[in-house]
Amino acid sequence: MADYKALEDLVVQVRRDILRQVHKVNSGHPGGSLGCTEFFVALYNELMERNEKFTMDGIGEDLFFLSNGHISPVFYSVLARAGYFPVEELNTFRLLNSRLQGHPTTHEGLPGVRIASGSLGQGISVSIGAALAKKLNKDKHIVYTLCGDGELQEGQNWEAIMYAAGNNVDNLIVTVDLNGQQIDGATKNVLPLGNVKAKFEAFGWNVMDIEKGNDLKAIIAGMKKAKEKTGNGKPVCVLLHTVMGNGVDFMMHTHDWHGKAPNDQQLETALSQNPVTLGDY
Amino acid sequence: MKKYTDTGKKDTRSGFGDGLTELGKKNKDVVALCADLTGSLKMDEFKENHPERFFQIGIAEANMIGIAAGMTIGGKIPFTGTFANFSTGRVYDQIRQSVAYSGKNVKICASHAGITLGEDGATHQILEDIGLMKMLPGMTVINTCDYNQTKAATIAIADYEGPVYLRFGRPKVANFTPADQNFQIGKAVQLQEGTDVTIIATGHLVWEALQAAETLNENGITSDVINIHTIKPLDDEAILKSVKKTGCVVTAEEHNFLGGLGESVARVLSTHHPAPQEFIATQDTFGESGTPEQLMDKYGLNASAIVNAVKKVIARK
Ligand SMILES: Cc1ncc(C[n+]2csc(CCOP(=O)(O)OP(=O)(O)O)c2C)c(N)n1
Ligand SMILES: [Mg+2]
């Protein structure tokens, strides 16, 4: 049974990390990061089977790929707090010569990152490749992926989605951050995605919803169910219904904070809604 | 020396946006397409003025290029807008087949080009796009230096029949070319006259070249400074005329030295008038996060780097 108090504390601390990272350099993407905080915390601390030491090949452990690389602030915070690199390094986010690039990269050798992302629409393909490698290696572990909902507008996703189903890539769980927002506005106004569930199903995927995508219990229960569905011949898709900007009242339910940092005053307000739990970096 | 004054820092992408707004009013065949970056590309005003001629494609750049190509069939003049990376590498085959090879009148307008995109880092900082685009037969490649020139170029390319790649950037930079300039595709602009060295610059490096020429002048070195806003077709004549006089050249661009303006200039010189050349460009590397100024400094893309290159190239004469 998960220690929910500890996980909740971590969620609040990660929110602070996200806000402080983007505020310091006045750039980066808080909205999507905050919306996926509970998911990341659950994934890295409850769901994934992870080895102590990071290796690129990740043999004998579950893997995670972030396709929507712009939400690097949440990824970096959760990686640091899971021990992949010192939390103090969050101080270098987006600075010259940092390993914490604007979008995640392998180029600077940051532990926890296995592929560059940022240019959208490529992560599912990469995850399929890694999942196929696991099968060739007779490694029973799972490949997890997160992608954005706006990101699904990229055609490459649908090539990948078709491939995974057509080739029984069933050690793969793709989670879609269904926050209904992207840069220019609500997804339904920019380019309606239609019925995402029906689309994945029509392509031959096993699809399930996590309606409360910002609720740790719902995420953990839902993702465990998703894991049970692996190994049955079909790739698994989880539609994670999240609120962009979750945890900071003025950032919620809007695309406005997709790629905008809070100013000093806004940071203070946002942090006051998320008081220190584990300690700031 | 001619004196150039910065009339107030502005971003070149706003020059594109304002040029597009003007085009919208005067040319009813101009249509605009965007891939979920309307604000970043400064296309909001065109969108507001002409909702029926603005097409939000979503995050689907390949589809955007294809749709743009199709719209030319029926006489529309499509301007596509997204970041330089997603305007070129992301959609290279779509541009190659549906636009360039098919000879379609599509204007591929690319913001956030080069390293000055800044904090987003290497995934978004394309330093290879000039090379990619200039290699396509029939493609015109333009890289403007300031707000005024970008606005003028945007308006000018609508009257030119054929595919164009228009490259501009994100940061606010000096605005020093005339507001009423007559933008001529393929025509170099001579900014300074000198006898010791030719400095050929494009994009954000043009202002840096002017700063460098001033410093050099104080040290008794006079420079021809040439603004090459059109990398293809290149103004061979202007380049040769200048280098025949000065005997050496420094090229400056916010791009990889492989495939960029410098290589185009080297081809002209090696064919007609071999001369020593130094390249101010990135050295076959990806970019990284940082502020635009920090990055230009780290990657040697500023006035002081040009000054050093000039001293080096003069010594090689
Ligand atoms: C190929 C590509 N095109 C455009 C962009 C610019 N861009 C970055 S994030 C984004 C919106 C993504 O929407 P979504 O996946 O829903 O993420 P959210 O805004 O919900 O975080 C866009 C268009 C990009 N990074 N990559
Ligand atoms: Mg979204």
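The model is predicted: local features need pLDDT of at least 70, side-chain atom pairs count only at pLDDT 80 or more, and totals for chains, interfaces and linings use all residues. Residues are numbered from 1 along each chain as its sequence is written, chains are lettered from A and ligands numbered from 1 in the order in which they are written, and side-chain values use heavy atoms, with hydrogens and water left out.

**Magnesium site**

- Three protein donors hold positions 2.1 to 2.2 Å from the magnesium ion (ligand 2): A:Asp149 (OD), A:Asn179 (OD1) and A:Gln181 (O). Donors are N, O and S atoms within 2.8 Å of the metal (3.2 Å for Na, K and Ca); water is not among the atoms, so sites may look incomplete.
- Along the chain, these donors follow the spacing D-x29-N-x1-Q.
- A:Asp149 sits in the loop between strand E2 (143–148) and helix H6 (155–166) of chain A, and A:Gln181 in the loop between strand E3 (172–178) and helix H7 (187–190) of chain A, so the pair ties together parts 32 residues apart in sequence. Helices (H or I, at least four residues) and strands (E, at least two) are DSSP runs, numbered from the N terminus.
- A:Asp149 and A:Gln181 are both buried. Buried means under 20% relative accessible area, exposed over 50%, and partly exposed in between (1.4 Å probe, protein chains only).

**Domains of chain B**

- Chain B splits into domain 1 (10–173) and domain 2 (189–315). The bounds come from an automatic or database domain assignment.
- The domain centres, taken over C-alpha atoms, are 25 Å apart.
- In contact are 32 residues of domain 1 and 33 residues of domain 2 of chain B. Contact means heavy atoms within 4.5 Å.
- The two domains bury about 2,300 Å² between them, with 57% of it on carbon and sulfur atoms. Buried area is the accessible area (1.4 Å probe) that two parts lose on being put together, summed over both.
- B:Ile115, B:Leu127 and B:Lys134 supply 28% of the area that domain 1 buries against domain 2, more than any other three residues.
- Zero salt bridges are found across this domain interface. A salt bridge is a side-chain nitrogen of Lys or Arg within 4 Å of a carboxyl oxygen of Asp or Glu.
- Polar contacts join 23 residue pairs between the domains (both at pLDDT 80 or more). A polar contact is a pair of N or O atoms within 3.5 Å; within protein, one must be able to donate a hydrogen and the other to accept it, and residues adjacent in sequence count only if both atoms are side-chain atoms.

**Chain A against chain B**

- Chain A gives 28 residues to the contact and chain B gives 25.
- About 2,000 Å² is buried between the chains, and carbon and sulfur atoms give 46% of it.
- A:Leu96, A:Glu154 and A:Asp184 supply 28% of the area that chain A buries against chain B, more than any other three residues.
- Two salt bridges are counted between the chains. A:Arg94 and B:Asp120 meet in a salt bridge (2.8 Å, N to O).

- B:Asn227 belongs to strand E11 (residues 223–227) of chain B. B:Asn227 is buried, at a relative accessible area of 0%.
- Its side chain makes a polar contact of 3.3 Å with that of B:Gln149.
- Helix H9 (residues 236–246) of chain B has these buried residues: B:Ile239, B:Leu240, B:Ser242, B:Val243 and B:Thr246.
- Their cover includes strand E10 (197–201), E11, strand E13 (249–256) and helix H10 (261–272) of chain B.
- Just after H9(B), B:Gly247 takes a positive phi of about 85°.

**Salt bridges**

- The whole structure holds 28 salt bridges over all chains.
- B:Lys151 pairs with B:Glu22, their closest N and O atoms being 3.1 Å apart. B:Lys151 lies in helix H7 (residues 147–158) and B:Glu22 in helix H1 (residues 12–26) of chain B, so the pair ties together parts 129 residues apart in sequence.
- B:Lys151 is partly exposed at 23% relative accessibility, and B:Glu22 is partly exposed at 35%.
- B:Lys312 forms a salt bridge with B:Glu278, at 3.7 Å between the closest N and O atoms. B:Lys312 is exposed at 52%, whereas B:Glu278 is buried at 14%.
- Salt bridges that share partners join A:Glu154, B:Glu61 and B:Arg90 into one network.
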